[in-house]
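Have the viewer open and follow the points in order.

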Amino acid sequence: VHTVSKHRGGGQFGKLQNSWPFVTLTINEDGISMRTILQEIELKRGSIRAIILRKRFLNHRFIFKHDDPAVKERIEFWTFSPDPVAKALTSRGYHVSEGGY
């Protein structure tokens with residue numbers, strides 16, 4: 001049984017930015033996906049090289065470093081409540097490192 005965790009926020013796929021609450025981040029054991037009204041991207045666990053949590057003044061950004069050539073290079077999820085997202089990622093075996101400002 002795969003457990004799924006869903007979080008609402010904002011984000012960036014490549015050059016396209018979407019403000020809160022128009023992005024849904026879905027986390028499971030196999031990978032992550034981010035969905036907006038217009039598009040969805042998926043990253044498999046094996047293509048995720050690093051997840052960096054960057055704390056900003058107003059929001060916090062989870063930056064997904066990956067090597068999937070089919071996915072736009074810059075993948076970020078923005079949230080006002082980073083703790084539930086970080087816990088969901090770490091509880092499924094992903095490593096989240098803090099990248100400062």
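1. Let's begin with a pairing: strand 1 (residues 5–13) and strand 7 are antiparallel partners over four bridges. Strands here are DSSP runs of E with at least two residues, helices runs of H or I with at least four, all numbered from the N terminus; two strands pair if DSSP finds at least two bridges between them. Phe13 stands opposite Ile75 of strand 7.

2. A word on the source: this is a predicted model, where local features need pLDDT of at least 70 and side-chain atom pairs count only at pLDDT 80 or more, while totals for chains, interfaces and linings use all residues. Residues are numbered from 1 along each chain as its sequence is written, and side-chain values use heavy atoms, leaving out hydrogens and water.

3. Strand 7 also runs antiparallel to strand 6, joined by five bridges, with Glu76 as the bridge partner of Ile63.

4. Is strand 7 (residues 75–79) mostly covered or mostly open? Five of its five residues are buried, that is, under 20% relative accessible area with a 1.4 Å probe and protein chains only, where exposed is over 50% and partly exposed lies in between. Ile75, Phe77 and Thr79 are on one side, with Glu76 and Trp78 on the other.

5. Apart from neighbours within four places in sequence, Leu89 is in contact (heavy atoms within 4.5 Å) with Ile27, Ile32, Ile51, Phe62, Phe64, Tyr94 and Val96.

6. Finally, find Phe57 in the loop between strand 5 (48–55) and strand 6 (60–66). Phe57 is exposed, at 79% relative accessible area.
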